[in-house]
Amino acid sequence: MSNDEIFAAAYREHYWAVSRYVARRLDGRAGEVEEVVAEVFTVAWRRRADLPSSPLPWLYGVARNCLANTVRGHGRRRRLVDRLGNDDTAHGRHIAEGPETETPGAWVHEALARLSASDQEVLRLTAWEELGIDEVAVALGCGRRAATMRLHRARRRLRAEIDRMRPAVTADTGHSLREGDRR
């Protein structure tokens, strides 16, 4: 099989997995998802001779790098807009979210968001992308033992964040139960 055929097979087989990977990390910014995925497969095309026999973890690693470039670009644009004083907050426009904007399981995402970017990534690769530890190692560009350790530590930190959040949830639930008892 030629390098072109290997690339074409990887593209057909993994396009949607890479798209979902990117979309989950860009929180629904659909136009940007397509741009990042196109960049991922552009890199894969240029390096088609280097594609491993199991390309998905490698593609996730490329996507991680492309996402990092995108995030840096957003930061640069945001700082420019702030310097120009041309954003909504500079003009006194504030958008308040209503109670209906709370999504189911938001507390899990909140706990995850409190972790470092590297902890978030290793947890997402195992939970969202359903990668095994060997594949996680490829996606992160590290060895199997390092990936195992990163995953273990990230899980421990997530558990600690959930436990920190739990007293507030328990207190709210307990309060509701006491009110129910009075009725």
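Me: How many disulfides does a search of the whole structure find?
Reply: The search finds 0 disulfides, where the term stands for a pair of cysteine sulfur atoms within 2.5 Å. This is a predicted model, in which local features need pLDDT of at least 70 and side-chain atom pairs count only at pLDDT 80 or more, while totals for chains, interfaces and linings use all residues. Residues are numbered from 1 along each chain as its sequence is written, and side-chain values use heavy atoms, with hydrogens and water left out.

Me: Why does Cys-66 count as buried?
Reply: A residue is buried under 20% relative accessible area, exposed over 50%, and partly exposed in between, with a 1.4 Å probe and protein chains only. Cys-66 has 3% relative accessibility, so it counts as buried. Cys-142, at 18% relative accessibility, therefore counts as buried too.

Me: Why are the buried residues of H2 said to line one face of the helix?
Reply: The buried residues of H2 are Val-33, Val-36, Val-37, Val-40, Phe-41 and Ala-44. Seen down the axis, they fall within an arc of 130 degrees, so they line one face; the arc is that of the directions from the helix axis to the C-beta atoms. On the other side of H2, Glu-34, Glu-35 and Arg-46 are exposed.

Me: What covers the buried residues of H2?
Reply: The cover includes helix H1 (3-25) and helix H3 (55-84), where contact means heavy atoms within 4.5 Å.

Me: Why is the pair of Phe-7 and Phe-41 called edge-to-face?
Reply: A search of the whole structure finds 8 aromatic pairs. The two rings have their centres 6.4 Å apart and their planes at 75 degrees, so the pair is edge-to-face. Rings of Phe, Tyr and Trp (its six-membered ring) pair if their centres lie within 6.5 Å; planes under 30 degrees apart count as stacked, over 60 as edge-to-face and the rest as tilted. This pair links distant parts of the chain, with Phe-7 in helix H1 and Phe-41 in helix H2, 34 residues apart.

Me: Which residues do ring pairs link into a cluster?
Reply: The cluster consists of Phe-7, Tyr-11, Tyr-15, Trp-16, Phe-41 and Trp-45.

Me: Is Trp-45 buried, partly exposed or exposed, and what is its relative accessible area?
Reply: Trp-45 has a relative accessible area of 37%, so it is partly exposed.

Me: What sits over the ring of Trp-45?
Reply: The charged end of Arg-48 sits there, 3.8 Å from the ring centre. The term requires NZ of Lys or CZ of Arg to be within 6 Å of the ring centre and within 35 degrees of the ring normal. Arg-25 likewise lies over the face of Tyr-21, at 3.7 Å from the ring centre.

Me: Which residues is Leu-151 in contact with, leaving aside its neighbours within four places in sequence?
Reply: Leu-151, found in helix H7 (residues 144-182), is in contact with Val-122, Leu-123, Thr-126 and Ile-133. Its relative accessible area is 8%, so Leu-151 is buried.

Me: Is Glu-130 buried or exposed?
Reply: Its relative accessible area is 66%, so Glu-130 is exposed. Glu-130 is found in the loop between helix H5 (117-127) and helix H6 (133-140).

Terms used
Helix = DSSP H or I, 4+ residues; strand = E, 2+ residues; numbered from the N terminus.
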